[in-house]
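Please look through the sequence and the model below before reading on. The numbered points that follow are meant to be checked against it, one at a time.

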Amino acid sequence: MARLIYIANLSLDGYTEDRDGKFDWTPPDEEGFKFITDLVRATGTHLYGRRMYQTMMVWETDPNLAAESALRRYFAETWQAADKLVYSRTLEAVSTRKTKLERNFDPEAIRQLKETVEHDLLIGGPELAAHAFRSGLIDECHLFFVPIIVGGGKPCLPANVRLDLELLEERRFGNGVVFLRYRTTQEKAT
């Protein structure tokens, strides 16, 4: 059975965006970018909300990004190869290949998808991930702690969810970012 993996960059105080909605403090260095690309490459389907999809779709719609370096081309190819499910009630259409638009998040459909796909699934964006956490769907969290305190903004993890985690892996990057990989204990989600 495939795992649903939440991947996020966050500040040390737990935010994916600052109070102004900016996340320009999250770009990885070359070492981190390759590591993230390899993580993403291991997944076959990406689940996004509208905002995260619109942030990520540039990896297909803007060829200049891939032209910047071999590493960026590698990420663009990786992102384009994945199937994508975008959950939005306001987006009228998607503008990338291998992308399907869904109007509502259906936990049972995700459970069925996890049972039928070959590769793990990635979920990006804290709002969509909150639905998955509350539905007991998240199997792992891959968190990249950026050495900054932003003092408020969009929380990385949902409120009113209690979930035990088991540390599986940790890694420190030269720029001070720390990667922590956790397995969730679903039967203890409340």
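Predicted model: local features only at pLDDT ≥ 70, side-chain atom pairs only at ≥ 80, totals over all residues.

1. What radius of gyration would a compact globule with 190 residues have, and what does the protein chain have? A compact globule of that length would come near 16 Å, and the protein chain has 16 Å, which agrees; here the radius is taken over C-alpha atoms, and the globule rule is 2.2 Å times the number of residues to the power 0.38. Along its principal axes, the C-alpha trace spans about 45 × 35 × 30 Å.

2. Residues are numbered from 1 along each chain as its sequence is written, and side-chain values use heavy atoms, with hydrogens and water left out.

3. Consider next the chain as a whole. Among the contacts with a separation of 6 or more, 72% come from residues 24 or more positions apart, where contact means heavy atoms within 4.5 Å. The protein chain exposes about 10200 Å², of which carbon and sulfur atoms supply 49%, the areas coming from the Shrake-Rupley method with a 1.4 Å probe.

4. The secondary structure comes to seven helices and 10 strands, both being DSSP runs numbered from the N terminus (helices are H or I with at least four residues, strands are E with at least two). Eight strands form an open sheet with mixed pairing, in the order β5-β4-β3-β6-β1-β7-β10-β9; two strands pair if DSSP finds at least two bridges between them. The edge strands are β5 (99-102) and β9 (164-172), each of which pairs on one side only. From one strand to the next the twist averages 20°, with axes fitted as lines to C-alpha atoms and angles running from 0 to 180 degrees between N-to-C directions.

5. Which strand pairs in this sheet run parallel, and which antiparallel? Strand β3 (residues 43-49) runs parallel to strand β6 (residues 120-124), and five bridges join them, with Thr45 standing opposite Leu121 in β6. Strand β7 (residues 140-146), by contrast, runs antiparallel to strand β10 (residues 178-185) over six bridges, and there the bridge partner of Glu140 is Arg183 in β10. Strands of a sheet pair through backbone hydrogen bonds in either sense.

6. The pairing of β9 with β10 is also antiparallel and covers eight bridges, with Arg171 opposite Phe179 in β10. Five residues lie between the strands of this hairpin, in which Gly176 takes a positive phi near 95°.

7. The structure holds 16 salt bridges, each a side-chain nitrogen of Lys or Arg within 4 Å of a carboxyl oxygen of Asp or Glu. In one of these, the side chains of Glu17 and Arg51 meet at 3.1 Å, N to O. Because Glu17 lies in strand β2 (residues 15-17) and Arg51 in helix α2 (residues 50-56), the pair ties together parts that are 34 residues apart in sequence. Glu17 counts as buried at 10% relative accessibility, whereas Arg51, at 38%, counts as partly exposed.

8. Lys154 deserves a look beside that pair. Lys154 is found in strand β8 (residues 154-155) and counts as buried at 15% relative accessibility. Leaving aside neighbours within four places in sequence, the contacts of Lys154 include Glu17 and Arg51, as well as Tyr15 and Pro126.

9. Two further salt bridges can be set side by side. Lys98 and Asp83 have their closest N and O atoms 3.7 Å apart; Lys98 lies in the loop between β4 (83-87) and β5 and Asp83 in strand β4, so the pair ties together parts that are 15 residues apart in sequence. Glu108 and Arg111, with closest N and O atoms 3.9 Å apart, both lie in helix α6 (residues 107-116), three residues apart, about one turn of the helix. Salt bridges that share partners also join Arg3, Asp120, Glu140, Glu169 and Arg181 into one network.

Conventions:
Buried < 20%, exposed > 50% of the residue type's maximum accessible area, 1.4 Å probe, protein only.
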